[in-house]
Amino acid sequence: MNNRWNKLIYRAGAPFYDVLFNAGPFDRARKKVFADLAPEPGQRVLLVGVGTGADLRYFCGKKLEITAVDLSQAMLAQAKLKVDGNEHICFLEMDAQDLRFNDQCFDLVIASLILSVVPDEHKCMSELVRVVKERGRIVIFDKFKGGEGGMPLISRMLRPLIALLGTDIGRDYRSMLKPHLGRVIIREDSPAMFGEMYRKIVLERK
């Protein structure tokens with residue numbers, strides 16, 4: 001996977017993305033992931049890889065300072081359609097592996113289905129940790145390799161084919177978090193959908 005390929009994939013898929021990934025079990029999982037966040041009015045919230053904006057409804061109308069970034073202009077165009085004129089959201093075309101923000105400037109960082117699609121998940125994870133404030137939270141909703149052992153044979157065989165669709169089914173969230181455990185506390189790590197495949201992970205910056 002690389003950014004050029006991902007842009008092509010998501011430009012083609014933007015019109016259909018909501019039907020596939022923002023409805024049914026994905027919709028129920030998002031409600032579960034975001035139900036208890038309760039950000040305070042005035043806090044700065046960053047949605048990394050906002051996509052077509054499925055997560056925006058959980059933050060609009062709460063008097064938050066919201067920034068939403070995505071690599072795909074087509075995805076951002078879809079996300080903007082979900083916001084009414086009373087919301088002041090800053091939409092920016094930006095690479096999640098290279099966030100153009102100062103250190104520790106957001107109270108809450110949302111990373112939905114982004115760590116499994118960026119070319120380098122470790123760079124992306126480092127950026128999430130870098131931009132969140134002390135005592136701020138990072139909320140991750142994504143698919144990862146289940147368990148601590150190797151992947152099943154069928155998953156290993158399908159992995160390169162699925163990667164052509166712009167996503168990786170074999171990434172290990174433990175290896176992503178390990179370099180940052182001196183700076184973050186894992187407040188929650190729980191299954192969110194399809195057994196152990198999709199997880200909700202909540203980190204707090206020390």
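Strands S6 and S7 form a hairpin with four residues between them, and Phe 194 in the turn has a positive phi of about 55 degrees. Strands here are DSSP runs of E of at least two residues and helices are runs of H or I of at least four, both numbered from the N terminus, while two strands pair if DSSP finds at least two bridges between them. The model is a predicted one, in which local features need pLDDT of at least 70 and side-chain atom pairs count only at pLDDT 80 or more, whereas totals for chains, interfaces and linings use all residues. Residues are numbered from 1 along each chain as its sequence is written, and side-chain values use heavy atoms, with hydrogens and water left out.

Strand S7 (residues 198–205) is largely enclosed by the rest of the structure, because eight of its eight residues are buried, where buried means under 20% relative accessible area, exposed over 50% and partly exposed in between, with a 1.4 Å probe and protein chains only. Tyr 198, Lys 200, Val 202 and Glu 204 point one way from S7, while Arg 199, Ile 201, Leu 203 and Arg 205 point the other way, and all are buried.

Strand S5 (residues 132–143) contains Arg 135, whose phi is near 70 degrees, a positive value in a residue other than glycine. Most residues other than glycine have a negative phi. Arg 135 counts as exposed, at 54% relative accessibility. A positive phi, near 55 degrees, is also found at Leu 113, which lies in the loop between strand S4 (106–112) and helix H4 (121–131); Leu 113, at 10% relative accessibility, counts as buried.

In the loop between S5 and helix H5 (153–163) lies Lys 145, which is buried yet has no salt bridge, the nearest side chain of opposite charge being that of Asp 172, 4.3 Å away. A salt bridge requires a side-chain nitrogen of Lys or Arg within 4 Å of a carboxyl oxygen of Asp or Glu; Lys and Arg count as positive and Asp and Glu as negative, with His and the chain ends not counted. Leaving aside its neighbours within four places in sequence, Lys 145 is in contact with Met 151, Ile 169, Gly 170, Arg 171, Asp 172 and Arg 174, contact meaning heavy atoms within 4.5 Å.
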